[in-house]
Amino acid sequence: MIPGADSGALIDLRSDTVTRPGPAMRAAMAAAEVGDDVYDEDPTVRALEQRVATLLGHEAGLFVPSGTMGNQIGVRLLVEPGAELIADADAHVLANEGGGVAAHGGVLTRTLVAADGRGQLDPDVLAGQLRAGDWHTVATRAVAVEQTHNRGGGSVYPLATLRRLRELTRRAGVALHCDGARLWNAHAASGVPLAEYGRLFDSLSVCLSKGLGAPVGSVLVLPAGARSAARRLRHRLGGNMRQAGILAAAGLYALDHHLDRLAVDHANARLLAELLRAGGLSVAEPETNIVLVDLPDAADVAERVREQGVLIGTFGPNRLRLVTHLDVDPAGCERAARALLAAARRESVT
Ligand SMILES: *Cc1c(COP(=O)(O)O)cnc(C)c1O
């Protein structure tokens, strides 16, 4: 059963990770040519890595099981133990990855609170925070930005801001990493070519398992000269997979068939926001596929809508997060909005 496929089905808006591969993607997976990827000999994995690298204007890619592992390896290639990574205080790489950069990489982190509430670093603020480092002072080695920003409500960094961040980090000799779990959505919303984003960064981690709808996998994109060090770190984290072409085939299928439809998810997010706002809720205008709703007792409201077959996530005590994706259609969004409005008013839906 595909959620949202009929009006009686479960509607799951907790995340864009909940999609399940359909028959055509499964057929592509079953037909994949495979080899042992630990020997770097899986042709489908290599094809996916090369395709994503080229799309992002880079030389090389490394297929990894998760976006978390992509970020972890990317950051560790740029920041040696005891040196510093700067990111915003709500960054996934710091707040939602189990403390991995510290636990595995000995990376010191410093956070800047993004005053815009959208998770975006302000170049003017960052400029005063990059430290050269000496015998006494910790050196800033890298800055990480999140595009789109998850806790920032799927916000899209303007290209001009990214260019300023690049210019200022370059001048300071500091690397720039992109947590691009949803870079695809930024591209779909802004029309900025993927390679134009990609070339601004020393490394990027992009997810295939979010809006693109693959079951597993991310690609870490990086210079060719860094790939073998990245493979060593992937191995050390236990992330080497063998006939992983079966998974990579899903990623290739997703790029062929799901990249161009992300605008549909964005339109559905706008529809949801509009319906909720019309019902009197406080909803920021979604920039991509994430809708944030501010209201009291978020967990209680989420529990009530669950009873109506609608699943919604919470971001703290007073915020709900709804994420649109491949498996929800406009009718599903309408049903979800009705259930949520009734729950917020503490009525029952009939
Ligand atoms: C989902 C996500 C990741 C990593 O996801 P995995 O679940 O490890 O694949 C990284 N960054 C952001 C912003 C995300 O939303």
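Start by colouring the chain by burial: 55% of its 350 residues are buried, where buried means under 20% relative accessible area, exposed over 50% and partly exposed in between, with a 1.4 Å probe and protein chains only. You're looking at a predicted model, in which local features need pLDDT of at least 70, side-chain atom pairs count only at pLDDT 80 or more, and totals for chains, interfaces and linings use all residues. Residues are numbered from 1 along each chain as its sequence is written, and side-chain values use heavy atoms, leaving out hydrogens and water.

Now zoom out to the whole chain. Its C-alpha trace spans about 65 × 50 × 35 Å along the principal axes. Switch to cartoon and you'll find 14 helices and 13 strands; these are DSSP runs numbered from the N terminus, with helices being H or I of at least four residues and strands E of at least two.

Next, select Thr 288. Where does Thr 288 lie? Look in the loop between strand S9 (282–283) and strand S10 (290–294). Is Thr 288 buried or exposed? Thr 288 counts as buried because its relative accessibility is 0%.

Keep Thr 288 selected and show what it touches. Leaving aside residues up to four places away in sequence, its contacts (heavy atoms within 4.5 Å) include Thr 148, Val 156, Asn 185 and His 266. The side chain of Thr 288 reaches the backbone oxygen of Gly 154 at 2.7 Å.

Terms used
A polar contact is a pair of N or O atoms within 3.5 Å; within protein, one must be able to donate a hydrogen and the other to accept it, and residues adjacent in sequence count only if both atoms are side-chain atoms.
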